[in-house]
Amino acid sequence: MALIERLRREIEGEVLASPFDRGRYATDASFYQIVPQAVVVPRRFADVEAALAIARDEGVPVTARGGGTSQAGQTVNSGVVIDFSKHLDGIVSLDVENRRAVVEPGLVLDALNRRLEPHGLWFPVDVSTASRATIGGMAANNSCGSRSIRYGTMRDNTLAIEALMADGARRRFAAGAPPDGALAPALLALGEREAGEIAARFPKMRRRVGGYNIDALTPGNKPLKWQDILVGSEGTLAISERIEIALSPVLEHKTLGVCHFPSFRAAMEAAQHLVTLDPVAVELIDRTMIELGRAIPQFRPVVDAFVRGAPEALLLVEFAEPDPAENLRRLKGLGEMMAELGFRWGDPAKQPGGVVEAIDPAFQARIWGVRTQGLNIMMSMKSAGKPVSFVEDCAVELADLAEFTDRLTEVFAKHGAQGTWYAHASVGLLHVRPVLNLKQDTGVRALRAIAEEAFDIVAEYKGSHSGEHGDGIVRSEFHERMFGGRMVRAFEEVKDLFDPSGLLNPGKIVRAPKMDDRSLFRYPPGYHHEPRETVLDWSEWPGGLPGAVEMCNNNGACRKLAGGVMCPSYRATRNERDLTRGRANTLRLALSGQLGADAFASDEMAETMKLCVSCKACKSECPMSVDMAAMKLEVLAARAKIHGVGLRDRLVAHLPRYAPWVARAPWLANLRDRLPGAAWASERLVGLAASRPLPRWRGDIWREPGPELAAAAQPDVMFFADCFNRYFEPENTRAAVAVLAAAGLKLGHAAAPSGRPLCCGRTYLAAGMIDEAKVEMQRFINVVRPFLETGGAVVGLEPSCLLTLRDEAPRLLPDWDQALGRRVMLFEEYLTGALKDGSARLALGEVGRKALLHGHCHQKAMGVLSPVRELLERIPGLEVETVESSCCGMAGAFGYQAETVELSRAMGELDLLPAVRAAGAGTLVVADGTSCRQQIADGTGREALHAARVLMMAVEAGR
């Protein structure tokens, strides 16, 4: 088509136009789905200008997009979507002295604050999606945040916007500096004409972000803040090129009080009193949120630490004055006020309740981590109905909050729904999402009915139905109810002054479609899945595999660029395709037939999954626990069944079966990296990167000392030697066995009665060869089951192998369950527990002053990295530093493939390899994963040790 051809010809950046690519940009965090005609990923702003000009010529609308996390449908449209987040994300200038910065719209808030931190500054519009929210998107939405009671909204912190107009002209909008041309006089005339109506109809609320900010145009505003008209306009008036923002000093000293209430209404009534203590934040968490948080492994320990008893609601009250003593004084006053309000534990004259104090900054951060993930925790419920965003943004005065929430709860009940409440009690804005099934007509009818009644109630209280998430598609049609018909016509007039042809993000704020137009839904009429045979058990999710895929609500937590592991491929490429969310959307579209027949096993799906390194981080770090590694396994299995398995994948998969033979002549296998031209030939013939040396086969492999229980008739523990630590690094196995023996443990060995050694099946899973993997798993299970059923444990070294038997195996084999899987443990897991309960003892000596620990992705995902650190910290005088890193990038065969070797190195260079290079020469580098050790050696020239070897060194020193 002409549009695509022109875009590709005239734009330096990327133009994405395949059904798979367009499908990935068809949704945001709302329940809408509109497939664009094309997606542009501009390399420079000139690409944006060119795309806009081409779209204008072709009569196609344009939507600017940042993180794609809008909850009201702001960033979906049928024309051209422009993704600013990959390249247009720089800081143009930073004025530390005057506390201001000029940034590009694609800059992520957390990335900005990381740059500002050394200067003692931050941008205080602290939205919960800070790890992926872009400044451009925040300005378009007029975003707020938990501390808006102190810092205000995006409107209060935006100093100027340089923008591209619909006609291609550039304009600057700033205080006291009207934009050039006829636009400014027309806007001033509108503001003067409508001043009375604006005063009468605009809600007098801190949290009113609906409509256009034409109240900034009325007489008496001195100086006139022209940028305000663009803030909150949702990309419908202009496209931001540069945004000047006001910065604030960081909050160096904070205290947090967690107020417990026996009823939800009691918390709502208390909020208006607690704000008189001048906190910077008062945030709500209700009982449902507490229970859901406890059900998510990553949040359970934190919730248990700050929640006392079984409260119906919590209010998190934060103080952040420059003087730490003042914060403590206010925290004490908070407890006193709670008592005055009638809440004190242990006092029979008062209701149960009180304050759990959080003074330690790390503890505070963990509590806030639960609150900022509120939406995602709420969305984690595994049911056909989901919490739906449409009335979640209502704000009323604090004095009306208790009565308002009671009435809204009654509306939900009337329509057979219930809601979970959380968010900003300090400003009368509580996020609530009724649980509805929008695949059903009854759910859609309830959506409309609840919206109508809820917004009537908001209007009755003179509140705002858009408090921080904007209007989008879901709320724009209701503006007349809040602002009146005359104001809606004025909004339309503003739109026409800026964009007379309706080019920029049409259908938002003005002239919007009906919010319940099902043709715009993610689940439109007729949405269904074709029956599909799966290899894993997906019965935990309603609807099976499709239900698990649909758990992704597009909130974009996987787009974070620092902290944790998820998502390593996205961090390296910054492509939506290479993201947990992008893959989940592609799978959903394929499973529902929207990408054509056989899309699930297609080459395009293989490309979508190609850079997924199966790190499993999304299983633990995504609050919806979207397990992309398992979903990739389904795709690999489907493709293997249809297309077979390539030579390279078969070579890797069958390693456990041919390894015993290769070990007899390891020098022959090692010739690949010694003979000139051999590595080149392996790349040409098999696809193994010539630039990457392969693991070195060893002749001194590990062999079990005898029959299965050679060491003792009744062993304390059974040791399993995996392929990698048997054939390539046998010194790790020898060290682990020696340490266990030195700890006084009687050791047995998991060995096949005859034939080749046991295997976990991991290499076969990675190739999609499920039947072969199950054969290997069953061989292992047949040997170890009798010992495990007596309460014993099997231990080993390689995380990817051992944890396969805990993760995938119970979902593949009917006679293997999670309880047995948990008895298969990593070396450090078992030994730490044995040392704690006194069944093992170790005398350890000094081995050095510092260790740098890198955790294997699966250790992190399964929550078993801490025992490694704990064990190392038992070594006298050893300081252990854990590298804050994502995946090392090697990821099994991924780092050896010719087509992915450079990306593998790029992943390593994000965090791990620079940290290793920066470590002192005397620092021990510790990594349990064989792939991780290979990546470190190849990328830095330094040897990384398995923790078992470090422990063996300490045992020898202790003698």
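Beyond its neighbours within four places in sequence, Ser800 is in contact with Arg762, His856 and His858, where contact means heavy atoms within 4.5 Å. The model is predicted: local features need pLDDT of at least 70, side-chain atom pairs count only at pLDDT 80 or more, and totals for chains, interfaces and linings use all residues. Residues are numbered from 1 along each chain as its sequence is written, and side-chain values use heavy atoms, with hydrogens and water left out.

Ser800 lies in helix H35 (residues 799–802). Helices (H or I, at least four residues) and strands (E, at least two) are DSSP runs, numbered from the N terminus. Ser800 counts as buried because its relative accessibility is 11%; buried means under 20% relative accessible area, exposed over 50%, and partly exposed in between (1.4 Å probe, protein chains only). The side chains of Ser800 and Glu798 are joined by a polar contact of 2.9 Å. A polar contact is a pair of N or O atoms within 3.5 Å; within protein, one must be able to donate a hydrogen and the other to accept it, and residues adjacent in sequence count only if both atoms are side-chain atoms.

A nonpolar core is a set of buried Ala, Val, Leu, Ile, Met, Phe, Trp, Tyr and Cys residues joined through side-chain atoms within 4.5 Å. Two are listed here.

| Core | Size | Residues, among them |
|---|---|---|
| Largest | 81 residues | Leu587, Met628, Met631, Phe780, Val784, Trp816 |
| Second, separate | 68 residues | Ile34, Phe264, Met338, Leu401 |

The residues named for the largest core are those with the most contacts inside it. Helix H34 (residues 770–789) gives the most to this core, with nine residues.

Elsewhere, five strands form an open antiparallel sheet in the order E5-E6-E10-E8-E9; two strands pair if DSSP finds at least two bridges between them. Strands E5 (91–95) and E9 (170–174) are at the edges with a single partner strand each, so one side of each has no neighbour in the sheet. Strand E8 (residues 158–165) runs antiparallel to E9 and is joined to it by five bridges. Glu162 has Arg172 in E9 as its bridge partner.

The axes of helices H8 (residues 183–193) and H20 (residues 485–498) come within 10 Å and cross at roughly 175 degrees. Axes are lines fitted to C-alpha atoms, for helices over the stretch in contact, and angles run from 0 to 180 degrees between N-to-C directions. H8 and H20 are therefore roughly antiparallel, the term for angles over 145 degrees. Residues of H8 in this contact include Leu183 and Leu190, and those of H20 include Val494 and Phe498.

How values were computed. Parallel < 35°, antiparallel > 145°, perpendicular 65-115°, else oblique.
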